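Open the structure in your viewer and keep the sequence panel beside it. We will go from the whole chain to one pair of elements.

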Amino acid sequence: RLDQRALPLLRAGLGPGALEDGASFELSRTIEIVGRARDRNSVAPLVAMLAEVPDAGGFDTGLKYDDVISHIAIALRRIGDPAAAPALLRFAESTSSHMRDARNESVLALAMLDPTAGTRVALDAQLEHAREINDREENARALLAYGMLGRARPADEHAGLVTALEQTEVYAMLYVEVELARAVALRMLASSASTSALAPSM
């Protein structure tokens, strides 16, 4: 069990400049601990760290930042402060092949913290990911995030989002968890589309 008196010391190692030389094991561990502790006072320094890192780049950029961005996204999701959602958006929208973990965890955190902060660009990025990447866990997360973000879009967009998902050839569709995630996403979108269609007559 974490001694709460340690949190200020841990937070002191976060914030602007913490990633200047990349992410050490100690920094990644600190991010994980404040996330598991659901320390809301760590949200601001974690968001400040995201502001200093790229959301795309080549192999070296991915090697330096992909893991730590994903760790920050996981920590912010666990803390549960919706105010962190906007900082995750550009990573959720990224289509960089070298920032896959960052994208996967950021879009899931975004969908859980504040799905209304999602954009059509972020939605399209999830479908592209599901088409291009043969990974059952990543595909399942992308499809669930698509459903969660899509459900929060304006009602007149829901039918189009359902069609786009139905027409997407998901790479890892043979896995049962991916098939289930797609079904859940369609259910979320179709239910909201049906509800919005009935709303005027209610």
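What pattern does the chain follow when read along the sequence? It is α-α-α-α-α-α-α-α-α-α. Show the cartoon: the chain has 10 helices and zero strands. The radius of gyration is 18 Å, close to the 17 Å that the globule rule gives for 202 residues, so the chain is as compact as a globular protein of that length.

**Colour by confidence**

This is a predicted model. The average pLDDT of the chain is 90, and 95% of the residues score at least 70. Select helix α3, residues 43-50: among the elements of the chain, its mean pLDDT is the highest, at 96. Now select helix α10, residues 176-198, which has the lowest mean, 80. Move on to residues 195-202. Here the pLDDT is below 50. Beyond near neighbours in sequence, this stretch has one contact in the model.

**Zoom in on a helix pair**

Select helix α5 (residues 85-92) and helix α6 (residues 100-113). Their axes come within 8 Å and cross at roughly 140°. The two helices are therefore oblique to each other. Their crossing is left-handed.

Which residues of α5 and α6 make the contact? Show side chains on α5 for Ala 85, Leu 88, Leu 89, Phe 91 and Ala 92. On α6, pick Ala 102, Arg 103, Ser 106, Val 107, Ala 109, Leu 110 and Leu 113. Colour this contact by class: 10 residues are nonpolar, one is polar and one is charged.

Conventions
Residues numbered from 1 in each chain as written. Heavy atoms only, no water. pLDDT = per-residue confidence, 0-100. Helix = DSSP H or I, 4+ residues; strand = E, 2+ residues; numbered from the N terminus. Contact = heavy atoms within 4.5 Å. Axes fitted to C-alpha atoms, helices over the stretch in contact; angles between N-to-C directions. Parallel < 35°, antiparallel > 145°, perpendicular 65-115°, else oblique. Left-handed = near helix turned anticlockwise from the far one by under 90°. Nonpolar A, V, L, I, M, F, W, Y, C, P; charged D, E, K, R; others polar. Rg over C-alpha atoms; globule rule 2.2 N^0.38 Å.
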